[in-house]
Amino acid sequence: MIEDIIQILVLIGMMITAYLSVKSRDLMECAILLGVFSFLLSLEFFILQAPDVAIAEAGIGAGLTTAIFVMAVRKTTRWEVEE
Amino acid sequence: MMSKIVRTQANFLYPFILIFGFYVVAHGHITPGGGFQGGAVIATGVALVAVAYGYDTIKKWIKKTHLTAAEGIGLLCFIITAFIGLSTSFFYNFLANSGLIFGNRVPYGINPGYLNTAGTLPIMNLAVGIEVLGGLSVIIMYMMAYGREVKQ
């Protein structure tokens, strides 16, 4: 019962962060929201009893790709512009 | 280089991330995780310090040639360990239950997990950990170096 509630909350949080990261105009905010999305995904893997995949997701998704996105945004423009 | 708050946090967290990464690598055969996951955690610590201090400071501490060498050494250790057991078959676990290093016999039943078991698997985990640490860190270093060239 408590696992189902935690799972529903995690999935709702993933949907919210994914929607906000698509809609936002601030690219640094998008990178941080994708990091939060990856962290919630690793939590979901852990609830589904795959701790091996959860460690890999937390290391690669929430750590390294967020760092690479932050670096890329710092080297280019921060705000999304209309073409 | 970022603000002093970020640098202090990075200085505080860096040894803990490294210790956790090497723990995941060393206990790869008895707990969840293994060479790839532990190497990714260690590379996350390198990325944290790299983002906090900037490329100009970090390139004096970490050389890209050393990371590339770590990648090559890890892959060489892996393939040499696989070739040593070639007298029976490729990837043969010649150390298991032999009494040498990592060669203890696993007792029957529920146990807390003994490190000195499983034969060649811990050696291969260590090799993959060194290789992934070098590979993912060199991705971070080249990303920072390339961004600088575009800006100028």
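How many residues of chain A are in contact with how many residues of chain B? The count is 14 residues of chain A against 18 residues of chain B, where contact means C-beta atoms, placed from the backbone, within 7 Å. This is a predicted model: local features need pLDDT of at least 70, side-chain atom pairs count only at pLDDT 80 or more, and totals for chains, interfaces and linings use all residues. Residues are numbered from 1 along each chain as its sequence is written, while chains are lettered from A and ligands numbered from 1 in the order in which they are written.

**Interface**
- The side of chain A that touches chain B has 10 nonpolar, two polar and two charged residues.
- Nonpolar covers Ala, Val, Leu, Ile, Met, Phe, Trp, Tyr, Cys and Pro; charged covers Asp, Glu, Lys and Arg; the others, Gly among them, are polar.

**Chain B**
- Chain B has five helices and zero strands (DSSP runs, numbered from the N terminus: helices H or I, at least four residues; strands E, at least two).
- Its C-alpha atoms fill a box of roughly 60 × 35 × 20 Å along the principal axes.
- Buried residues make up 34% of the 152 residues in chain B (buried: 20 or more other C-beta atoms within 10 Å of its own; exposed: 12 or fewer; partly exposed: in between; C-beta atoms placed from the backbone).

**A:Val10**
- A:Val10 sits in helix α1 (residues 2-23) of chain A.
- A:Val10 counts as partly exposed because it has 17 C-beta neighbours inside 10 Å.
- Leaving aside residues up to four places away in sequence, A:Val10 touches A:Leu40, A:Leu43 and A:Glu44.

Conventions: Contact = placed C-beta atoms within 7 Å.
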